[in-house]
Amino acid sequence: MYKFWSNQKVFSSYTSSFLGFMALRSPFWLHCSIIVQLYVSLYCFSSLICTNGQRIFLYPQSDKVSSIVSKQYRTAFHFQPPQNWINDPNGPMYFNGVYHLFYQYNPNGSRWGDIIWAHSVSTDLVNWIRLEPALSRTAPFDIKGCWSGSATILSVNQPVILYTGANTENQQVQNMAVPKNHSDPFLREWIKSDHNPLIRPIGDLNPRQFRDPTTGWLGPDGLWRIAVGAELNGHGAAILYKSEDFVHWNRTEKPLHYTNSSHVWECPDFYPVSYERNRGLDPSAPGSGKEKHVLKMSIEVPGKDFYIIGRYDEEKDIFVPDNEIDDYWMWPRLDFGRYYASKSFYDSNKGRRILWGWSDECDNSTDDVAKGWAGIQAIPRSVWLDGTGNQLIQWPVEEIESLRTNAVYVQDTGLKSGFRLEVNVTDASQADLEVDFSLPNLEDAESFNSSWLADPEGLCGTQNVSWRGVIGPFGLLVLASDTLDEFTALFFRIYRDQNKYMVLMCSDTTRSSLREGMDKPTYGGFLDIPHLVRKRKLSLRTLIDHSVVESFGGGGLGCITSRVYPMALVNGSTHIYAFNYGSAPVSMTNLTAWSMRKASVNQKSS
Ligand code: DQQ
């Protein structure tokens with residue numbers, strides 16, 4: 001590439017000298033000279049700033065450039081702004097017919113820093129309009145950063161934002177903002193409260209680890225509650241506060257919950273959860289007393305979102321987990337892959353709970369500077385409780401299906417051992433697939449080793465896609481190059497544990513790209529699939545969108561988000577295969593694959 005560019009410069013200067021010389025001689029050559037010089041300058045400007053031979057990319061030159069800056073790596077239907085760094089989703093809400101998504105944003109570059117709240121709106125959760133930032137670093141209580149927080153709708157026409165400000169002393173304080181003009185349907189401008197900061201880190205709270213207030217919920221006593229992520233005596237906790245007016249807050253005697261096993265909890269999320277598919281519960285509506293609650297926390301090492309299911313006694317403000325295990329490594333995860341700082345909201349439009357999560361990059365920060373962007377939001381997911389009451393189900397919101405086109409069907413097809421079947425979708429880099437596998441030989445599964453429970457991710461690495469088992473690996477190879485030297489594998493393995501079966505779901509990105517310097521891990525975890533023995537079926541849904549692959553196993557009981565940068569996306573074409581490399585046959589009762597249309601995401605500025 002550099003050689004090409006040097007040659008280009010030499011060509012350009014020779015051409016200029018020759019044309020300049022001839023232009024002095026006749027008007028015809030003068031004309032030619034102007035046209036060619038204009039062309040060369042335009043070419044140069046649209047691709048590079050040509051100073052001192054240093055290459056600074058403004059835009060990718062073409063889709064075929066084998067470079068990390070290729071626009072082929074930008075997503076077609078995932079949420080991302082046109083440029084710069086993004087991280088946590090903030091304050092998602094549905095208000096007066098409009099979905100709002102705020103998010104952590106660096107207005108000055110593609111690495112984390114100078115964080116403010118950017119703002120986009122949508123009426124369908126698919127197409128988004130980018131607005132001016134909602135919160136910028138303007139006051140002593142947030143001058144070093146407007147960090148994560150939540151929105152609460154206090155009454156019919158009263159949304160408020162609570163967010164963390166990094167103050168002049170680098171302490172973390174909790175602040176409030178309200179819309180400037182309630183008649184603006186997009187709530188473009190927000191005013192910070194004169195009472196800020198509302199809550200300061202005092203006493204036993206680590207002032208540098210105290211952040212990310214939850215959405216408020218109303219208790220039976222008419223008081224509002226929020227929880228704030230914190231480090232209490234060196235350990236992770238969600239600190240509970242109560243207020244009559246949402247402005248003056250009192251800390252309760254005990255935290256909502258804490259652990260001795262981790263450091264600070266970031267981005268806590270707390271909500272009642274429904275057993276009904278695609279249904280959610282309003283945390284401020286009076287409960288039946290029977291519903292369960294979810295407490296989610298983001299833990300920086302290992303950078304995953306964990307959750308606990310339990311019962312919340314509203315009268316006593318006590319959250320009692322169903323399972324009292326203190327070691328967070330044993331808690332269920334929302335997603336085994338790149339998915340962090342998630343935040344949910346109750347969608348009063350469709351009576352469901354929707355979860356947003358940030359997916360960071362697998363390239364390095366030098367690449368991000370060259371690209372001019374970093375980070376995306378995963379597809380919003382509807383969340384409800386599985387029938388056992390022990391685990392969450394997550395499923396992409398139904399609106400995303402409006403982008404499906406050109407369906408391809410495969411039915412009742414056996415996948416013998418070693419078999420690979422190409423799925424011929426129109427666009428394999430922008431697709432949605434739903435597959436149902438049936439497992440006639442379940443009894444032949446290999447024995448399970450209980451020590452694997454401690455590190456399922458490691459097991460996905462040692463028993464990777466090339467490791468031939470009995471039932472599995474079977475699944476999908478996506479973003480595969482013509483010669484299969486690049487691919488991302490999503491697969492299952494099934495083991496027998498006395499009279500039950502253990503299902504391992506993996507995403508193996510080790511061969512996702514021939515590019516150097518990428519993080520290419522294997523991700524995975526064990527899924528608890530009810531009725532596996534009776535039904536002998538296992539499903540996999542995968543959304544492929546250029547540099548992101550989001551997968552949902554067992555109808556949403558296990559999720560893995562992976563980020564990948566295959567060279568084939570830029571240099572050639574990509575393919576999708578269903579495969580079975582286990583020794584026992586499996587079959588596909590149904591596979592439906594759609595190409596996905598491009599959504600309009602943050603194209604227009606307000
Ligand atoms: N990101 C924010 C914090 C939060 C962290 C800062 C989680 O408020 O704890 O950008 O990714």
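This is a predicted model: local features need pLDDT of at least 70, side-chain atom pairs count only at pLDDT 80 or more; totals for chains, interfaces and linings use all residues.
**Entry: the chain**

I went through the secondary structure and found 39 strands and six helices. I then checked burial: of the 606 residues, 57% are buried.

**Entry: the ligand shell**

I listed the residues around the ligand. They are N87, D88, Q104, W112, W147, S148, R211, D212, E266, Y340, A341 and W358. Sorted by class, this shell has four charged, three polar and five nonpolar residues.

**Entry: polar side-chain atoms at the ligand**

I looked up distances from polar side-chain atoms to oxygen atoms of the ligand. For R211 the distance is 2.7 Å. N87 has a polar side-chain atom 3.0 Å from a ligand oxygen, and for W112 I also have 3.0 Å to an oxygen atom of the ligand.

**Entry: cover and contributing elements**

How much of the ligand's area does the protein bury? I have 310 Å² exposed for the ligand taken alone, with 93% of that buried by the protein. I then asked which elements give two or more residues to the shell around the ligand. These are the strands β3 (84–95), β7 (146–153) and β21 (340–347).

How values were computed:
Residues are numbered from 1 along each chain as its sequence is written. Side-chain values use heavy atoms; hydrogens and water are left out. Helices (H or I, at least four residues) and strands (E, at least two) are DSSP runs, numbered from the N terminus. Buried means under 20% relative accessible area, exposed over 50%, partly exposed in between (1.4 Å probe, protein chains only). A residue is near a molecule or strand if one of its heavy atoms lies within 4 Å of it. A polar contact is a pair of N or O atoms within 3.5 Å; within protein, one must be able to donate a hydrogen and the other to accept it, and residues adjacent in sequence count only if both atoms are side-chain atoms. Accessible areas come from the Shrake-Rupley method with a 1.4 Å probe; for residues, only the protein chains shown count as cover. Ala, Val, Leu, Ile, Met, Phe, Trp, Tyr, Cys and Pro count as nonpolar, Asp, Glu, Lys and Arg as charged, and the others, Gly among them, as polar.
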